[in-house]
Amino acid sequence: MFRLTEYMHQIADPTPVRARRGTGMVKPVVIWNLTRRCNLKCRHCYTVSADVDFPGELTHQQAMDTLEDLGRFNIPGLILSGGEPLDRKDLFEIATRARKLVRMLALSTNGTRLQGDMADRVAEVGFDYVGISIDGMGPTNDWFRGVEGAFVSALRGVRECKARGIKVGLRFTLTEGNFTSLPDLLRLCDDEGVDKFYLSHLVYAGRGDKHRGEDAEHKRSRWAMDLLMDRAWEGITEGRKLDIVTGNNDADAVYFLNWVERKFGSVKADHVRKHLTAWGGNSSGLGVANIDTQGNVHPDTYWSDYTVGSVKTTPFSELWSGDDPMLAQLRTRPRPLKGRCGACAFKEVCGGNTRIRALQVTGDPWAEDPACYLYDDEIGLDGCYTERLTVTPFRGKSHDPAHRFA
């Protein structure tokens with residue numbers, strides 16, 4: 001995750017650079033998919049969830065045992081996700097115990113069930129943050145999420161959270177079919193007092209892989225980042241509070257660094273680069289981990305085809321501290337990258353970007369990430385990599401009524 005607003009502060013109010021995190025075993029933030037059941041049918045769903053019960057999910061006791069192990073392992077944060085986590089019957093028992101075991105506890109939800117008693121119970125747990133997914137305004141969101149009325153219900157969830165003093169954020173996945181909703185969603189954040197805005201680039205996993213041809217064109221990604229950087233800078237200089245972060249395309253950090261160089265000069269850019277290098281970019285298998293609904297452990301939520309082991313038979317702490325070969329490679333710096341990623345002058349900033357996209361497109365997890373939207377001269381290349389990996393282009397019409405971008 002690239003914390004855009006946080007690094008914007010380094011321009012206005014520089015602070016000392018912290019020590020770079022190690023490349024060995026690091027205690028990760030764990031994203032835990034508690035259930036695959038969900039009332040929506042999102043086109044980008046990496047778990048291919050549906051509104052049915054799926055066999056083999058962790059029992060209550062298995063979930064609680066895993067939670068105790070995560071607490072003893074002293075993970076820095078836990079994100080409870082799904083499917084729709086509110087569809088898991090023992091969610092609040094899990095969350096209540098987790099609140100006592102981890103420093104940061106978050107809930108990732110589609111927001112459509114966050115009302116009345118359900119919202120009260122979420123508030124009682126004391127989540128640090130509730131992320132609600134909205135992928136466009138009105139009909140755009142409903143098409144994207146496969147259920148009519150999903151936008152209205154999710155917006156009500158935002159308001160119910162704010163009414164109870166819960167820190168809430170909007171989560172938006174950028175695609176070719178909904179990118180023009182971005183300005184309206186940022187205005188919605190301002191109007192509703194939303195605390196955080198998270199823009200996710202599309203990852204080719206689950207239904208997101210099936211619909212990879214709907215990924216945003218590179219020029220859309222650049223346009224979106226320009227918009228977010230302008231809004232983040234306004235937030236700092238004009239006091240318009242909105243924490244902006246992006247995810248699943250660590251090239252965002254390099255794009256931002258180039259923006260700092262243009263706007264504020266080399267001294268500021270050098271300072272920001274040191275901070276970004278300390279962060280290190282993509283943290284799959286290092287600073288982030290995933291436990292899926294079946295108890296399988298993965299390097300992140302999108303690596304469902306690679307399993308480190310199962311918490312049904314081995315505690316998470318042992319799996320993460322073991323000698324798994326893929327985790328070892330993911331933790332290596334620099335990673336054994338190829339193509340443009342291997343030749344890039346900013347590997348220490350983005351960490352090689354999102355490896356699962358390279359794997360899905362080429363079969364090689366170390367190939368270049370096809371979603372890197374930077375030009376050769378922006379990443380220190382001489383133009384020798386003009387033949388770039390591409391995915392099948394979007395052929396349909398936009399489902400955003402405001403789609404007028406040329």
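I began with strand pairing: β1 and strand β2 (residues 77–81) run parallel to each other and are joined over five bridges. I was working from a predicted model throughout. Within this pairing, I found N33 opposite S81 of β2.

I then checked the other partner, strand β8 (residues 288–291), which pairs with β1 in the parallel sense over four bridges. Here I noted W32, whose bridge partner in β8 is I291.

Next I looked up how β1 (residues 29–33) is covered. Four of its five residues are buried, so I put the strand down as largely enclosed by the rest of the structure.

**Whole chain**

I counted 16 helices and 10 strands in the protein chain. Of its 406 residues, 57% are buried. I took the accessible surface as about 16500 Å², with 49% of that belonging to carbon and sulfur atoms. For contacts with a separation of 6 or more, I noted that 75% are between residues 24 or more positions apart.

**Salt bridges**

I searched the whole structure and got 21 salt bridges. I went through three of them by hand.

Entry one is R99 with D128, whose side chains meet at 2.8 Å, N to O. R99 sits in helix α3 (residues 91–101) and D128 in the loop between α4 (116–125) and β4 (129–133), so I logged a link between distant parts of the chain, 29 residues apart. I have R99 as partly exposed at 22% relative accessibility, and D128 as partly exposed at 32%.

Entry two is K162 with D195, a salt bridge of 3.3 Å, N to O. K162 belongs to helix α6 (residues 150–163) and D195 to the loop between α7 (182–192) and β6 (196–201), so this pair ties together parts 33 residues apart in sequence. I read a relative accessible area of 30% for K162, which is partly exposed. D195 is partly exposed too, at 26% relative accessibility.

D184 counts as partly exposed at 28% relative accessibility, and R187 is partly exposed with a relative accessible area of 47%.

Definitions and conventions. Residues are numbered from 1 along each chain as its sequence is written. This is a predicted model: local features need pLDDT of at least 70, side-chain atom pairs count only at pLDDT 80 or more; totals for chains, interfaces and linings use all residues. Side-chain values use heavy atoms; hydrogens and water are left out. Helices (H or I, at least four residues) and strands (E, at least two) are DSSP runs, numbered from the N terminus. Buried means under 20% relative accessible area, exposed over 50%, partly exposed in between (1.4 Å probe, protein chains only). Contact means heavy atoms within 4.5 Å. Accessible areas come from the Shrake-Rupley method with a 1.4 Å probe; for residues, only the protein chains shown count as cover. Two strands pair if DSSP finds at least two bridges between them. A salt bridge is a side-chain nitrogen of Lys or Arg within 4 Å of a carboxyl oxygen of Asp or Glu.
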